[in-house]
Amino acid sequence: MKWAQGIDKLGLTLYFLLCAFAIANIYSVEPASGSRQAVWFGVSVFVGIIIFMMRTKFFENMAGIIYIIGLLLLIGLFPFGTEILGQKNWYKFGPVSLQPVEFAKIGTALMLANYVSGPDFNLKNRKSLWTSLAIIGVPAVVVLLIPDVGSLLVFIAFFIALYREGLSGWFFGVGFIFAAVFLVALAIDPLYVVAGIVIIAGIAVFLNQARIHWNVISVSAIVGGIGILCGLAYATPTILEKLPTHQRERIEVLYKGEKAFRDTSGYNLLYSKTAIGSGGFFGKGYREGSVTQGKFVPEQSTDYIFCTVGEEWGFFGSSLLVIAYSVFIGRIYYLSEKQKSTFNRVFGYCFASILLIHFSINLGMVMGLFPTVGIPLPFFSYGGSSLLAFSTMTFIFFKLNYTDRNSLV
């Protein structure tokens with residue numbers, strides 16, 4: 001069929017397979033939630049059909065308005081939001097709940113793509129750099145104030161898209177160094193961390209002394225950077241103590257193990273690992289998981305849905321799911337790189353990177369490799385807002401790709 005030329009069949013097939021498998025797994029542990037997720041899937045497909053009927057330029061022209069609406073919805077949470085599971089990041093309309101941060105990600109991706117594709121954009125220009133950072137930073141700050149740490153981490157995705165467009169790798173390097181110092185200082189005495197920082201910095205300066213322009217600015221930058229890192233190392237224990245108890249324990253679980261907090265923050269992880277491990281190679285069978293069917297894992301249809309897959313479908317089924325996600329995300333990156341339009345490419349990179357971070361953190365969370373931060377598994381975790389938002393980004397990208405492949409330019 002001529003009208004189907006340009007539709008990425010592999011990508012859309014993977015999308016439908018992931019959604020169908022998700023509904024089946026949600027239904028396995030919570031039939032009522034599974035039925036509601038099926039309804040949301042139908043709504044998502046309907047929205048997708050509408051998106052495919054729209055003109056592609058609509059997303060470029062309306063990027064600013066969609067961005068502002070998403071930002072206003074985030075700000076509106078402070079006076080009008082409803083607290084669910086300890087976080088005031090939801091609007092509640094009778095039986096329907098809406099999480100605006102999911103849609104703010106769409107607005108940010110569209111706005112960033114719109115700005116980067118402009119004729120005057122150049123990341124080597126300070127105005128372009130700071131404007132790009134502001135587009136990402138404004139909603140990120142609001143998310144931090146909510147606070148929603150899990151969603152805040154997802155905003156790293158937009159820096160990945162900017163890196164593709166020429167952003168210096170120093171942004172990631174500096175972020176990695178700060179994160180490493182913080183995590184190491186949680187495990188060992190800050191004095192040893194400071195000593196390590198000074199030694200490593202000294203070696204780095206010695207090896208690169210020929211490249212360093214020795215003046216007041218460079219010396220001040222080196223000394224200031226070392227001082228900030230040393231200060232962070234000493235401040236880490238205090239920062240940890242100031243966190244709410246449940247957040248502090250979620251971090252400490254990584255170092256002390258879930259059994260040390262089995263009655264509090266380690267409970268979820270303990271039974272999640274138990275469920276995944278008990279599945280063996282081929283799993284116990286659909287709706288036959290004793291841990292998940294026994295409701296031992298809280299949030300097992302939402303953030304911890306992967307433990308249901310691990311117990312009922314085993315290592316084999318879990319591996320197939322991981323492969324499906326990897327191929328889908330890789331496909332988005334591949335298609336993004338082939339786009340003739342900068343707008344399409346940047347939006348595609350934003351979308352693929354959002355998926356990548358959600359996927360990586362969620363799986364790391366349920367297996368004890370990352371603290372519990374409340375990040376859903378895309379298309380899979382129960383939640384109408386999440387499914388609708390991810391589906392909307394999926395259909396927008398495949399619409400952009402469809403237009404790009406059929407363009408004569």
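This is a predicted model: local features need pLDDT of at least 70, side-chain atom pairs count only at pLDDT 80 or more; totals for chains, interfaces and linings use all residues.

Me: Is Phe379 buried or exposed?
Reply: Go by its relative accessible area, which is 1%. The cut-off for the inside class is under 20%. That makes Phe379 buried.

Me: How many aromatic pairs are there?
Reply: Rings of Phe, Tyr and Trp (its six-membered ring) pair if their centres lie within 6.5 Å; planes under 30 degrees apart count as stacked, over 60 as edge-to-face and the rest as tilted. By that rule, the count is 27.

Me: What kind of aromatic pair do Tyr15 and Phe379 form?
Reply: Their centres are 5.4 Å apart, with 80° between the planes. An angle over 60 degrees puts a pair in one particular class. So Tyr15 and Phe379 are edge-to-face.

Me: How many residues apart in sequence are the parts that the Tyr15 pair ties together?
Reply: Helices (H or I, at least four residues) and strands (E, at least two) are DSSP runs, numbered from the N terminus. Tyr15 sits in helix H1 (residues 9-29), while Phe379 is in the loop between helix H17 (342-366) and helix H18 (384-406), so the parts tied together lie apart by 364 residues.

Me: And which class does the pair of Phe328 and Phe379 fall in?
Reply: Phe328 lies in helix H16 (residues 305-338), so this pair ties together parts 51 residues apart in sequence. Both residues are buried. With ring centres 5.8 Å apart and planes at 85°, the pair is edge-to-face.

Me: Which elements cover the buried residues of H2?
Reply: In H2 (residues 31-53), the buried residues are Ser33, Gly34, Gln37, Phe41, Ser44, Gly48 and Ile51. Contact here means heavy atoms within 4.5 Å. The cover includes H1, helix H3 (57-61) and H18.

Me: Which residues does Asp404 touch?
Reply: Asp404 is in helix H18. At 8% relative accessibility, Asp404 is buried. Leaving out residues up to four places away in sequence, Asp404 touches Lys338, Gln339, Lys340, Ser341 and Asn344.

Me: Which helix gives the largest share of the lining of the second largest pocket?
Reply: On a 1 Å grid over the protein atoms alone, a cavity is a set of points where a 1.4 Å probe fits but cannot get out, and a pocket is an open set with protein on both sides within 12 Å along at least five of seven lines; lining residues have an atom within 4 Å of a point. The second largest pocket is lined by 22 residues. The elements that give two or more of them are helix H10 (170-187), helix H11 (190-207) and helix H12 (216-242). Eight residues, the largest share, come from H12.

Me: Which helix gives the largest share of the lining of the largest cavity?
Reply: The lining includes Arg250, Val253, Leu254 and Tyr304. Three residues, the largest share, come from helix H13 (residues 245-256).

Terms used
Residues are numbered from 1 along each chain as its sequence is written. Side-chain values use heavy atoms; hydrogens and water are left out. Buried means under 20% relative accessible area, exposed over 50%, partly exposed in between (1.4 Å probe, protein chains only). The expected span of a helix is 1.5 Å times one less than its number of residues.
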